[in-house]
Amino acid sequence: MTNEEIKLAVLDIIATIAPDEDLSHIEPELKLREQIELDSMDFLDIVMELRKRYGVQVPETEYMQLATLQGCVDYLGPKLHDKQLKTSPARA
Amino acid sequence: MRYDTLIIGAGMSGLAAGIRLAQFGRRVAILERHYLWGGLNSFYKRAGRRFDTGLHALTNYVPPRTSGAPLTRILRQLRIPYDALALAPQGFSESAFRVGGDLPRLRFGNDFELMRSEVARLFPSETARFDGLVRALPGYDDVAASDGSTSARATLEQLIVDPLLREMLLLPLCYYGSPREHDLTWTEFGVLFRSIFLEGLARPEGGVKHLLDLLVARYRGLGGELRMRCGVRRILITDGRAHGVVLDDGTQLECEQILSCAGWPETLGLCADAAPRGLAASVGRLSFVESISVLDREPASLGIDSTITFFNDGEHFEYARPAGPADLRSGVICCPNNYASATPLREGLLRVTVLANHERWAALDEQAYRAEKQAVFGSVVDAAERFVPSVRAHTVYSDTFTPRTVEHFTGHRGGAVYGSPDKRGDASTGVLGLYLCGTDQGLVGIVGALLSGITVANKYALVAQ
């Protein structure tokens with residue numbers, strides 16, 4: 001995955017978890033939870049989806065690396081570079 | 001085959017926990033002894049009609065897209081769209097006390113301003129103190145940290161001067177969630193006050209079955225296994241760690257961990273000789289009788305306008321196990337027709353719930369039990385008529401359930417609807433790999449149970465693995 005694809009992968013996971021949120025104006029350098037409604041339970045879901053879709057393990061002590069979209073790209077880049085982007089099927 | 005997680009009981013908390021685990025690919029099975037799911041919030045059929053048990057109201061009502069509220073957080077975690085619940089909000093409800101010749105009614109609805117204005121109308125000198133009470137309430141997040149030792153009554157006495165207002169606030173909150181006699185903890189008071197007075201009440205269109213259908217379809221759609229008529233006889237424990245269960249038919253199932261929604265004393269019972277010692281797990285003393293009247297017309301046409309009427313005779317409300325089969329001095333009248341449903345209910349319905357003594361009902365032989373049910377139905381309807389207009393002349397069918405019914409179908413000892421007074425806030429049991437969720441983890445009601453299933457599954461089965 002390229003860095004752009006990692007962004008898409010993360011945004012697709014957030015769209016699955018929080019279908020009501022508008023993700024079209026996310027600023028990569030700003031904290032996600034300052035831009036959209038995401039609580040600690042939602043961050044757990046991001047981590048669980050990363051594991052389910054890409055087999056990536058994120059230890060609890062490293063959840064804060066995922067605070068911004070750019071943080072996700074930096075942190076997940078080495079873990080995802082040899083993985084294919086998977087987006088969720090349209091949800092009913 | 002070895003399961004990641006076995007869940008004992010297909011109540012609200014078990015189904016919610018199951019959805020969380022199945023959603024992330026865990027091998028999970030829910031084991032339920034009854035042939036229907038729902039636990040304390042289920043349904044049954046009589047004479048071609050479907051009746052709900054438990055659910056008078058879904059608490060914690062908030063409009064769609066309300067951020068950070070328990071209801072919207074739960075739906076997001078379960079990935080169930082808000083609109084799928086088809087919630088019909090209440091009109092208004094009330095706490096009604098008969099004091100001498102007066103019958104003050106404190107109304108409340110899904111807009112908290114109604115309650116504030118009612119407090120100002122009935123207790124003008126308490127207006128500022130009532131606002132102070134609201135500011136002092138514990139939050140939802142205080143539940144985990146609470147040691148459960150602060151009395152709500154004692155704290156209220158410091159905040160509200162008029163004893164009648166204190167009683168009028170305690171009546172609905174005790175009836176909708178206190179597992180202990182005479183009182184609640186201050187934390188429970190805060191949670192219930194928020195979920196009932198500050199947020200509000202609603203009913204899923206179609207009643208509890210609609211909500212259960214959503215949960216079961218979601219769980220099964222994710223590949224979760226739901227075994228009905230599949231009771232757990234014993235939990236297998238070796239060297240202090242749970243690793244499986246023995247079913248009623250003798251089958252053994254192995255697993256990494258168990259989430260038990262059976263209740264705290266009931267779960268210790270399933271551990272048999274391997275149960276940890278020295279942990280308090282008393283059986284709850286509070287149970288209820290409910291009389292259901294099916295009417296040939298809308299209750300509103302008979303002058304019943306409120307959705308829920310909590311009633312009490314006298315200025316002091318006593319929340320305790322009665323000496324006799326039922327305590328007719330206080331209770332709850334629920335009129336499901338008075339939710340703003342898009343599709344009106346097929347018939348008029350009035351449900352009246354009062355405190356009951358489980359032991360008195362359990363001791364009766366079959367014939368005496370049936371006779372007592374009949375007699376209590378009449379007295380409960382009489383009790384309700386002191387607070388709402390009579391429906392007797394328009395009743396076309398009636399049914400009654402008792403603490404014995406509750407115990408039989410839910411397995412909760414003593415028919416204790418709100419479980420044991422000894423809650424396990426951190427879900428631990430003293431046995432590794434065995435965790436509690438549902439009523440005895442500390443959160444009651446449908447939303448509380450769903451939230452309990454989610455948080456316990458998250459903490460012990462998802463994060464920890």
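Q: Helices (H or I, at least four residues) and strands (E, at least two) are DSSP runs, numbered from the N terminus; where does B:Asn41 sit among these elements?
A: B:Asn41 is in the loop between strand S2 (28–31) and strand S3 (43–46) of chain B. This is a predicted model, where local features need pLDDT of at least 70, side-chain atom pairs count only at pLDDT 80 or more, and totals for chains, interfaces and linings use all residues. Residues are numbered from 1 along each chain as its sequence is written, chains are lettered from A and ligands numbered from 1 in the order in which they are written, and side-chain values use heavy atoms, with hydrogens and water left out.

Q: Why is B:Asn41 called buried?
A: Buried means under 20% relative accessible area, exposed over 50%, and partly exposed in between (1.4 Å probe, protein chains only). B:Asn41 has a relative accessible area of 12%, so it counts as buried.

Q: Which residues is B:Asn41 in contact with, leaving aside its neighbours within four places in sequence?
A: Contact means heavy atoms within 4.5 Å. By that rule B:Asn41 is in contact with B:Met12, B:Thr53, B:Gly54, B:Leu55, B:Val208, B:Leu212 and B:Ile446.

Q: How do you know that the length of helix H1 of chain A fits its residue count?
A: The expected span of a helix is 1.5 Å times one less than its number of residues. Helix H1 of chain A (residues 3–17) has 15 residues and should span 21 Å, and its end C-alpha atoms are 21 Å apart, so the two agree.

Q: What covers the buried residues of H1(A)?
A: The cover includes helix H2 (32–35), helix H3 (40–54) and helix H4 (69–80) of chain A, together with H2 of chain B. Among the buried residues of H1(A) are A:Ile6, A:Val10, A:Asp12 and A:Ile17.

Q: What makes A:Asp12 and A:Arg53 a salt bridge?
A: A salt bridge is a side-chain nitrogen of Lys or Arg within 4 Å of a carboxyl oxygen of Asp or Glu. The closest N and O atoms of A:Asp12 and A:Arg53 are 2.8 Å apart, so the pair passes. A:Asp12 sits in helix H1 of chain A and A:Arg53 in helix H3 of chain A, 41 residues apart. Both residues are buried.

Q: Buried or partly exposed: what are B:Glu94 and B:Arg105?
A: B:Glu94 has 4% relative accessibility, so it is buried, while B:Arg105 has 21% and is partly exposed. Their side chains also meet in a salt bridge (2.8 Å, N to O).

Q: How much area is buried between chain B and chain A?
A: Buried area is the accessible area (1.4 Å probe) that two parts lose on being put together, summed over both. Here that is about 1600 Å², with carbon and sulfur atoms giving 48%. B:Phe24, B:Arg76 and B:Arg79 supply 41% of the area that chain B buries against chain A, more than any other three residues. In contact terms, 18 residues of chain B meet 19 residues of chain A.

Q: What makes the phi of B:Arg65 stand out?
A: Most residues other than glycine have a negative phi. B:Arg65 is not a glycine, yet its phi is positive, about 65°. B:Arg65 sits in the loop between strand S4 (49–52) and H2 of chain B, and at 61% relative accessibility it counts as exposed.

Q: Why is B:Ala272 called partly exposed?
A: Its relative accessibility is 37%, so it falls in the middle class. B:Ala272 lies in the loop between helix H9 (264–271) and strand S13 (287–295) of chain B. Its phi is also positive, near 50°.
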